[in-house]
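Here is a short note on how the two chains meet, written to be read with the model open. Comments are welcome.

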Amino acid sequence: MTDLWYGLITGVLFGFFLQKGRVLRYDKQIAALRLQDMTIVKFMLSHIAVAMVGVYFLYDMGLVKLSLKPTILGGVVIGGLIFGLGWGLLGYCPGTSLGAVGEGRLDALWGMAGMLVGAGLYAEAYPAMQKTVLTWGNYGRITIPQVLGVNHWLVIVPFVLLTVLLFRWLEKKGL
Amino acid sequence: MKEDNGWSPYVAGALSGLVSIGSVWFVGKYLGASTTFVRTTGMVEKLFSPERVAKMPYFIKEAPIIDWQWMFVIGIALGSFVAAITSGSFRIQAVPDMWERRFGYGGPSRALVAFIGGIIAMFGARLADGCPSGHGLSGGLQLSVSGYIALACFFIGGMISANWLYKGGDGR
């Protein structure tokens, strides 16, 4: 029961910042895919960089656990591309669709209805996917530092520096 | 209508990153959204054929219940509503500005494309086992290989369909 309240509070905070960052809008999401306005990329990379440093610091202290999704190339690549094709048509992703409704963008409701149908179709297809696509190229739960065989901070520090350089470049280009 | 600027996406993104850290630290939960759609569809299907849902492997894996993530996703709508109302940026709009510039008003066409896009997007997200929050943010911050492959594929697919839809430009 407490978990449910934590979920709600976390969602409210996250939705608040998504709206403040103006990343919930169709125009922003599609503008990123058309390489015209990188607002959502700035938001996502800022989130990733800050949380990466914080979570790995806590991980080193033994306070948190990682929760990795397996790298199954068949599912991730094919599913990822299919998701992308749909995302470019819808202009919202699953999380931002609810946020978009919260700021009055009613077209996201159609997208949510479609996503519920899509989830149902996938539930029908799941047994077939389990036997095919989801067996292709399963590398298990792996991280980039593991693959490189280095300490995670040797990846985190360059990642943060490169992110800052990318941000400077985006600002210079007016994206 | 005047463009409202909101906050810098760097600041808002970094603050949302702190939310992520807090969630992992205090509750052990990484952010994600698309599983909630599976659970919700399962709840709806259960109303019509409970025996069938109980036997379906995917609804056994992702049971049709209200869990942490389900409440998180509802919270996103509430948080966005509060931020929009308190900053005067709430606006009822059924057709996005960019769509209107490209296709004229097009309420029904926008609804249809959004619906079809939603079906395709969620099928793909479930096959990939995550969306831009679960794979992109949570996978990315953990330096998960799957997260970065998924993110690249999300953007490649999205660039193909968005640029196809707007290949004539949007009159800007």
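This is a predicted model: local features need pLDDT of at least 70, side-chain atom pairs count only at pLDDT 80 or more; totals for chains, interfaces and linings use all residues.

1. Residues are numbered from 1 along each chain as its sequence is written, while chains are lettered from A and ligands numbered from 1 in the order in which they are written.

2. The contact between the chains (C-beta atoms, placed from the backbone, within 7 Å) draws 110 residues from chain B and 103 residues from chain A. On the chain B side, α7(B) gives the largest share, 18 residues; helices are DSSP runs of H or I, at least four residues, numbered from the N terminus.

3. That side of chain B comprises 72 nonpolar, 32 polar and six charged residues. Here Ala, Val, Leu, Ile, Met, Phe, Trp, Tyr, Cys and Pro count as nonpolar, Asp, Glu, Lys and Arg as charged, and the others, Gly among them, as polar.

4. Do look at α3(A), residues 39-60, against α8(B): their axes lie 7 Å apart at an angle of about 35 degrees (lines fitted to C-alpha atoms over the stretch in contact, with angles from 0 to 180 degrees between N-to-C directions). Residues making this contact include Met44(A), Ala51(A), Gly136(B) and Leu141(B). By class, the pair has seven nonpolar, three polar and no charged residues.

5. Phe83(A) touches residues of chain B including Ala121(B), Phe154(B) and Gly157(B), not counting residues up to four places away in sequence.

Technical notes: Two residues are in contact if their C-beta atoms, placed from the backbone, lie within 7 Å. Helices (H or I, at least four residues) and strands (E, at least two) are DSSP runs, numbered from the N terminus.
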